[in-house]
Amino acid sequence: MTVFGVRWRMYRKGEPRRGWRDAAVLFAVYALTLCAGVVWSRSVDNSTVFWAANGVLAAGLLLLRPRLGWAFVAACISLNLAVNVVSGLPANLNLAFTALNLGFSVVIAFLVRTFCGAALDLGRLRRFLPFVALVGAAAVAEGMIGAAFTSPTYTQWSIIWPRWAACDGVGMVLALPAVLLMMRRINPLYSGAAGPVERAALLIGLGALTAGTFAWSGAPLILLIYPAVLFAAFRLGAAWAFLSVGVVAQIATVQTLADRGPIALFDTTAQFTQVGLLHLFLVSILLTATLATSALAERMRTEQRARRKEASAAAVRARSEQTLATRERFLAVVSHEIRTPLNGVAGFAGALAARTDLDPEARRQAEAIAASAAVLTALIEDILDFSRLEQGRLELEPAPMDIGPVIAEAVERFRFPASGKGLDLSFRQTGDAASAYSVDARRLRQVVAGLIDNAVKFTDAGSVRVSAVVTPGEGGCDRLEVEVEDSGPGVPESRRGELFQPFAQMDAGLARRQSGAGLGLAMCHSIVALMGGDLTYQPAAGGGSVFRFALHLSRAEAPAETSEVIDPGERAPRILVVDDHPTNREVARLILTAYGCDVFEADDGATAVAAAGGAAFDAILMDVRMPGMDGLDATRAIRASGGPSAAAPILAVTADVMRDDVERCRASGMNGHVPKPINPARLMTALMTVLDGGEAFPVPAHVPAAVAA
């Protein structure tokens, strides 16, 4: 029912209702409080101290099912009428007082449900205080009406109605929250930390303290009840705290009405009686308990919210980690499945381009195939590196390196596509550079290549100039500044903020002229930041773009030169190539025989183990994913066999290139890792390294615990 914009209601849809057992418990409590109000709380001036029965009646209306609730009300009213008859109350007053009790209880039930929250959670201060205000207003109205039945004069009426209002108001404030909390048992925030034994001990101790205080008329001792109630509230929680206040109220009332205790010492008047003082004492005790339990509940509620937020954040992290792990597995599988056929495309294209009997057109086509394979390989590498960067798993691999050849190699990679567009691609290095610096050559090459690729792609005519300037510094550290300048159209000022965003395209329409995933510049920017530098853009003076980054590099000893060519005076190395794919074995054979190696083949792990156990090989190139026995198990079996090739260097030549894949290869006993598609120079460098007794892994070793994980 909605009146004046307020929805008035007694019941809440969907809320579980209590049955006959709870109705019986409530009726027993009502009977107890009714008798206490009639028998115990009659003062010397024949006024009741507090009437808690109405609070139990209102609680029954709020907690029980509608039909059961009204049956409960009927039973309670019948009992009220009967008790009044036994106590000798006139019939007219009996009916009037009982009707007032019923009306007061029903009104409070409506008000509590409407204004104090549908959950009936009166243990919270922000709901308890409005409840007290509503009870006060309703009690004043009831007191004025009730006093009119018993007061023949205005003077008597003005004295009686405040007592009546205080009696019913204090009783309702004491009883209703306690019954609701005790009966509903839905909110663990108000349960308190005390167990059953401590709870009983606290209630007995509080009762004994109150009885002792009111047995002696020393006024200061009444102050001892407040800290005791405060402690009980903190330990018991709101529900039992209200009950403890009820214990204090009953004992204080009985003692005061017997003219004992500190309240009996005060002089009283017709307007301000001992009952009025008792009311003030009980209200102050109730507020003390309520404030304590509300503060405790608010702290627990804050902790509960923090735990929920932490649990929610942990769940989000777990889902995010699961998503990242799934994506990484997906990328690993896709990368493997693309790299395997791409190895054949790139290998045979390179072999064709190296033949001397091809006509110029055939050679151009072979070189175009090789260049396309290189672009596809670079795209796969970019996607994997981007995933590693997102997860914070991309690590640098610094090693002593001459930076000039590293940058020059990146430039030479784009000589063919630049000449195809008629562009002048040049490289110039200036400054006093050391013979070697500690730098991740692969990442430096990747950044420079990414900037050149971007410049060549967007420049239709003119030139692309690459420059590297080395400025000597102090403390064994020099400054390297690399600049890539093109004569292309440049970047509009409105789009410059998107330059280093992943998957951003300066020309993103369906009819865009340039292809690409939009990862190149984002990858370059992230890698430069990982190396301790900053990649910036500025428009060129005569039109075009200038990308520039600077790194501080530590000087290092020049590395020993590693030859990729087999010494013709030595015996040809015997190399066992293990791969289940015949195309991959043929590509490896083409590369190895070109360098003067004797090549033997095995098409699975078991065959490789048998071959290694029957003959001595200088090195073994081992695929990882093979049917039957995979490359990792085959490596372990060869190492444990004690055969003639048990100590031979084993290189993983595989399309599994994730960090965990490399670590598994290392843990199995392999000496190096070469990714597919096979780069001949990389393969021969790794092969010569392991033949000389070194390792050829792309990343540093993890500690054993990390590998085991």
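Which residue forms a salt bridge with Glu-361? In this predicted model, the partner is Arg-364, and the closest N and O atoms of the two are 2.8 Å apart. Both residues belong to helix H11, which covers residues 360-391, and they sit three residues apart, about one turn of the helix. Neither end of this pair is hidden away: Glu-361 is partly exposed at 39% relative accessibility, and Arg-364 is partly exposed as well, at 42%.

Take Arg-445, whose salt bridge with Glu-409 has its closest N and O atoms 3.3 Å apart. Arg-445 is part of helix H14 (residues 441-458) and Glu-409 is part of helix H12 (residues 403-412), so this pair ties together parts that are 36 residues apart in sequence.

The side chains of Asp-478 and Arg-555 meet in a salt bridge at 2.6 Å, N to O. Since Asp-478 lies in strand S7 (residues 477-486) and Arg-555 in strand S9 (residues 545-555), the contact ties together parts that are 77 residues apart in sequence. Here Asp-478 is the buried end, with a relative accessible area of 3%, and Arg-555 is partly exposed, with 37%.

Now for the helices. Helix H8 runs through residues 225-236, and its twelve residues reach 16 Å from the first C-alpha to the last, close to the 16 Å expected at 1.5 Å a residue. Which residues of H8 are buried? They are Ile-225, Val-229, Ala-232, Ala-233 and Leu-236. Viewed down the helix axis, the buried residues fall within an arc of 100°, so they line one face of H8. Just after the helix comes Gly-237, which takes a positive phi of about 90°.

Another glycine to visit is Gly-143, in helix H5 (residues 125-150). Gly-143 is buried, its relative accessible area being 0%. Its C-alpha atom is separated by 7.8 Å from that of Ile-160, a residue 17 positions away along the chain.

Val-283 has its place in H10, and it is partly exposed, with a relative accessible area of 36%.

Our last stop is a position annotated in a record. The unreviewed UniProt entry lists Asp-623 for "modified residue: 4-aspartylphosphate". In the model, Asp-623 is found in the loop between strand S12 (619-622) and helix H18 (631-641). Is Asp-623 buried or exposed? At 3% relative accessibility, Asp-623 counts as buried.

Terms used. Residues are numbered from 1 along each chain as its sequence is written. This is a predicted model: local features need pLDDT of at least 70, side-chain atom pairs count only at pLDDT 80 or more; totals for chains, interfaces and linings use all residues. Side-chain values use heavy atoms; hydrogens and water are left out. Helices (H or I, at least four residues) and strands (E, at least two) are DSSP runs, numbered from the N terminus. The expected span of a helix is 1.5 Å times one less than its number of residues. Buried means under 20% relative accessible area, exposed over 50%, partly exposed in between (1.4 Å probe, protein chains only). The arc is that of the directions from the helix axis to the C-beta atoms. UniProt positions are given in the numbering used here, feature names are shortened, and annotations may be inferred rather than shown by experiment. A salt bridge is a side-chain nitrogen of Lys or Arg within 4 Å of a carboxyl oxygen of Asp or Glu.
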